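Welcome! Let's look at this model together and ask how a few of its labels come about.

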Amino acid sequence: MRRTAVSTTGVRRTYGLTPPAVVAHADWSIDPRKRRVARAVRTERGGYTALAPEPVGSLEDFFDRLAAAAGPGETVLAGFDFPLGLPERYAEAAGIGHFIPALLRFGRGRWTDFYAPASTPGEISLRRPFYPARPGGTRHKHLTDALGVANIDALRRACDHPTDLRFAASPLFWTLGGQQVGKAAISGWRDLVAPARRTRNELRIWPFDGGFAELLTRPGIVVAETYPGEVYAHLQLRIGAPNKSKRNQADRRDDAPPLLDWAARNGVELSAALAADIRDGFGSAADGEDRFDAAVGLFGMLNVVFGHRAPGDPHDETVRDIEGWILGLDASRLRPRSA
């Protein structure tokens, strides 16, 4: 379905996708105090108003709040910057043929210990793959040996590998260091996505439940994996350069012009609070980087909704059913996997 909308600037814009009533992007953390979500709400004229990031709050009613903001019969697109999917090599060894049924089993029955990071190499197993529980004498080799793979790249999904625009993402099951994603995946799967999938028939996870365009045509909630580090280049931000850091307010402030320009060109109204945040580099407080990534991720998702980037629907069956994909990632930019 194609819809033509009139933006808030009066410029007509053709969508290749059905525009959701609410687009939300959550910058995730194992620490609930650091979780921030930025939202864009479709206006009566068909454009979007983007709001300043706010705390994610209670996970029990998180999707209820998004659905209420969208209204009856509408669609919510919710993005999270934690992995959604499993490495192919691991899934093959564990006998997992599809991510969604496995997600609903993790933490239960034979998979009771799945979310408990192993404290020692001897505790690592296919049903307890996250490691380590704490720092101290830990190595990638402990994880690769225990899971029976040749190297740490074998525990990366295809979308985790480096592109010509960014470095490789951390492998799913590693839980140590500033770049690790394992702990965020644990909390995101265990505490939010899996419980919601069990209780909400209208919650669908891309790409496992279908193509992106088709999922947006149905009322309910569409969940997708995002990666702000991927979006920096899409929006022509300097924050991803080697001499720039999202932890630095001045560096975040330097990227205010391209963010404000992107919003203006796309007819996205910014709330006064969000515009002030962008111009100020999201403040000097410790949560500045979290709020920055929440907003950047939101703009990246809207970039896909507006048709400026393809969503990246995977054609490979393994990627579509098991590994998953990052919204907006162009597979042609990936560097080859290690052997």
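**Strands and a helix**

Q: How many bridges join strand β3 to β4, and in which sense do the two run?
A: Six bridges join β3 (residues 22–27) to β4, and the two run antiparallel. Strands count as paired if DSSP finds at least two bridges between them, and V23 has A40 of β4 as its bridge partner. Strands (E, at least two residues) and helices (H or I, at least four) are DSSP runs, numbered from the N terminus. This is a predicted model, in which local features need pLDDT of at least 70, side-chain atom pairs count only at pLDDT 80 or more, and totals for chains, interfaces and linings use all residues. Residues are numbered from 1 along each chain as its sequence is written, and side-chain values use heavy atoms, leaving out hydrogens and water.

Q: What makes β4 and β6 a pair?
A: Two bridges join β4 to β6 (residues 54–55), in antiparallel fashion.

Q: Why is β4 called largely enclosed?
A: Buried means under 20% relative accessible area (exposed is over 50%, partly exposed in between; 1.4 Å probe, protein chains only). Five of the seven residues of β4 (residues 36–42) are buried, so the rest of the structure largely encloses this strand.

Q: How does the span of helix α11 compare with the expected one?
A: The expected span is 1.5 Å times one less than the number of residues. With 18 residues (288–305), α11 reaches 26 Å from first C-alpha to last, close to the 26 Å expected.
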